[in-house]
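Please examine the structure shown below.

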Amino acid sequence: MSVVAASAPSRAEVLQLYRSFLRVARKFTDYNIREYTKRRATDAFRQNRNVSDPCAAFADGKAQLEVASRQAVVYSLYAPKLKSVMEVHN
Amino acid sequence: MAARSVMLKYLRVPVVQAVQPNPSSTFLSSFNAIRRRFYSEEVRGTFLDKSEVTDRIINVVKNFQKVDPSKVSPDAHFQKDLGLDSLDAVEIVMALEEEFGFEIPDNEADKINSIGLAVDFISSHPQAK
């Protein structure tokens, strides 16, 4: 368990966190959850771009990333039997 | 154990080689097997053609929501020419990973900020499909 750094996260660290979110999002087996995770991450990073306390936002993001990666495992155990109509390409 | 070996000896059937294999064909097939082992596509990977990579990347970038398709050119810079920010650049690199079916490591992904750099990286990567 890493200790949350007191100094503000660097630009590279924030982008890395964002990339980790998108990577975790891809792991969800269910189309809706996959797209939601991606959308939620994108919205949150945009919303917090000028946030006054980047440390707290970054720490929160890290915690949420852990939740997401745990949930990706849980969801993979209950994968939907059918694909969503949204991911069927003809 | 002893009973087993006796049984096996008793059951042994002479093997008659039905067809004498052609010596040149065995040589050829073993040569091919070696060639497959050492030069297979999976092991070596293939490098994609640069113009094909460029076309596919341009296609991916054009399909990105915030991009004006008319501005996309082979030497466009994500931030300067296409008006994207660093978060969008991350998303584009992730979309490129999906298009070419391999994972771009974080330190490389950070460097890709124009179509030209993406083309260079992907066309020099053996696992790009």
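His125(B) is found in the segment after α7 (115-123) of chain B; helices (H or I, at least four residues) and strands (E, at least two) are DSSP runs, numbered from the N terminus. In this predicted model, local features need pLDDT of at least 70, side-chain atom pairs count only at pLDDT 80 or more, and totals for chains, interfaces and linings use all residues. Residues are numbered from 1 along each chain as its sequence is written, chains are lettered from A and ligands numbered from 1 in the order in which they are written, and side-chain values use heavy atoms, with hydrogens and water left out.

With a relative accessible area of 16%, His125(B) is buried (under 20% relative accessible area; exposed is over 50% and partly exposed in between, with a 1.4 Å probe and protein chains only). The side chain of His125(B) reaches the backbone nitrogen of Gln127(B) at 3.1 Å. Beyond its neighbours within four places in sequence, His125(B) is in contact (heavy atoms within 4.5 Å) with Thr46(B), Phe47(B) and Phe102(B).

## Chain B as a whole

Chain B contains 7 helices and 0 strands. Of its 129 residues, 34% are buried. Among contacts in chain B between residues at least 6 apart in sequence, 57% join residues at least 24 apart.

## Helix α3 of chain A

Helix α3 (residues 54-77) of chain A has 24 residues, and at 1.5 Å a residue it should span 34 Å; its end C-alpha atoms are 35 Å apart, which agrees. The expected span is 1.5 Å times one less than the number of residues. In α3(A), the residues Phe58(A), Gly61(A), Leu65(A), Ala68(A) and Ala72(A) are buried. The buried residues of α3(A) pack against α1 of chain A.

## Interface of chains A and B

Contacts link 12 residues of chain A with 15 residues of chain B. The area buried between the two chains is about 1400 Å², with carbon and sulfur atoms giving 48%; buried area is the accessible area (1.4 Å probe) that two parts lose on being put together, summed over both.

The rule finds 10 salt bridges across this interface, each a side-chain nitrogen of Lys or Arg within 4 Å of a carboxyl oxygen of Asp or Glu. Arg46(A) forms a salt bridge with Asp88(B), with the closest N and O atoms 2.6 Å apart. On the side of chain A that touches chain B, α1 (11-27) and α2 (31-47) of chain A each supply at least two residues, and α1(A) gives the most, with 8 residues.

Conventions:
Polar contact = N/O pair within 3.5 Å; in protein donor to acceptor, adjacent residues only side chain to side chain.
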